[in-house]
Amino acid sequence: IKDIRVGDIEIEEGKTYLMFINYDPYNERYEIFGDQYGLREYDVNTKMVLNNDTGEYETIESLNLY
């Protein structure tokens, strides 16, 4: 099932992504957590993630995951 909402990005073959997922035991599946903010394109060379709102790359540390 493909559920695309406003602001979500399409997953493209050959690209690397940083994905935040959560397991839903009721439906027995993993879901992307946080809608469009739960999936970010990741540049393996610069080790930076694409901001889905601004279209600019930023550091993982700037996401305040800790």
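The accessible surface of the chain in this predicted model comes to about 5,500 Å², as computed by the Shrake-Rupley method with a 1.4 Å probe, and 50% of that surface belongs to carbon and sulfur atoms. Of the 66 residues in the chain, 20% are buried, a term that stands for under 20% relative accessible area.

**Fold**
- The chain has six strands and zero helices, where strands are DSSP runs of E with at least two residues and helices are runs of H or I with at least four.
- Among contacts (heavy atoms within 4.5 Å) between residues at least 6 apart in sequence, 24% join residues at least 24 apart.

**Glutamate 58**
- Glutamate 58 lies in strand β6, which covers residues 57–59.
- Leaving aside residues up to four places away in sequence, glutamate 58 touches Arg40, Met48, Val49, Asn51 and Leu63.
- The side chains of glutamate 58 and asparagine 51 are joined by a polar contact of 3.2 Å, that is, a pair of N or O atoms within 3.5 Å, one able to donate a hydrogen and the other to accept it.

**Confidence**
- The chain averages a pLDDT (the predictor's confidence in each residue, from 0 to 100) of 85, and 86% of the residues score at least 70.
- Confidence is highest in β6, at a mean of 94, and lowest in strand β3 (residues 29–32), at 85.
- Where pLDDT is low, the predicted coordinates should not be read in detail.

**Basis**
- Residues are numbered from 1 along each chain as its sequence is written, and side-chain values use heavy atoms, leaving out hydrogens and water.
- Because this is a predicted model, local features need pLDDT of at least 70 and side-chain atom pairs count only at pLDDT 80 or more, while totals for chains, interfaces and linings use all residues.

Key:
Buried means under 20% relative accessible area, exposed over 50%, partly exposed in between (1.4 Å probe, protein chains only).
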